[in-house]
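Dear colleague,

I am handing over the structure shown below, and I would be grateful if you could look through it alongside the notes that follow.

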Amino acid sequence: MYYVYVLQSLKNKDWFYKGSTVDLQKRFLEHNNGESPSSSPYRPFRLVYYEAYLSESIARKREATLKKGGSTWIPLRKRIMSSLE
């Protein structure tokens, strides 16, 4: 399986990281251990959302649309935030 995931910073709850991976647990630990330069300043994180795909190419396309923001990210962000209340 290939995963698209969203992490929320526990330091700045308005900051989210969107990514994809084949090993979700390992990647989550890497983010929290500071092994990802782009997310390191915002750690620690919690996993707030993920999706599973059979195809890596489809997972990467989904990740790209989430990272662009706009019409894909905004409704998902609202769903995530309402589930955290």
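**Aromatic contacts**

Tyr5, Trp15, Tyr17, Tyr42 and Phe45 come together in one aromatic cluster. Please keep in mind that this is a predicted model, in which local features need pLDDT of at least 70 and side-chain atom pairs count only at pLDDT 80 or more, while totals for chains, interfaces and linings use all residues. Residues are numbered from 1 along each chain as its sequence is written, and side-chain values use heavy atoms, with hydrogens and water left out.

The structure holds six aromatic pairs, where rings of Phe, Tyr and Trp (its six-membered ring) pair if their centres lie within 6.5 Å, and planes under 30 degrees apart count as stacked, over 60 as edge-to-face and the rest as tilted. One of them is the stacked pair of tryptophan 15 and tyrosine 42, at 3.8 Å centre to centre with 5° between the planes. Because tryptophan 15 lies in the loop between β1 (2–9) and β2 (16–21) and tyrosine 42 in the loop between α1 (24–32) and β3 (45–53), this pair ties together parts that are 27 residues apart in sequence; helices (H or I, at least four residues) and strands (E, at least two) are DSSP runs, numbered from the N terminus.

Phenylalanine 16 and tryptophan 73 form an edge-to-face pair, 5.6 Å centre to centre and with 65° between the planes. This pair links distant parts of the chain, with phenylalanine 16 in strand β2 and tryptophan 73 in helix α3 (residues 70–84), 57 residues apart.
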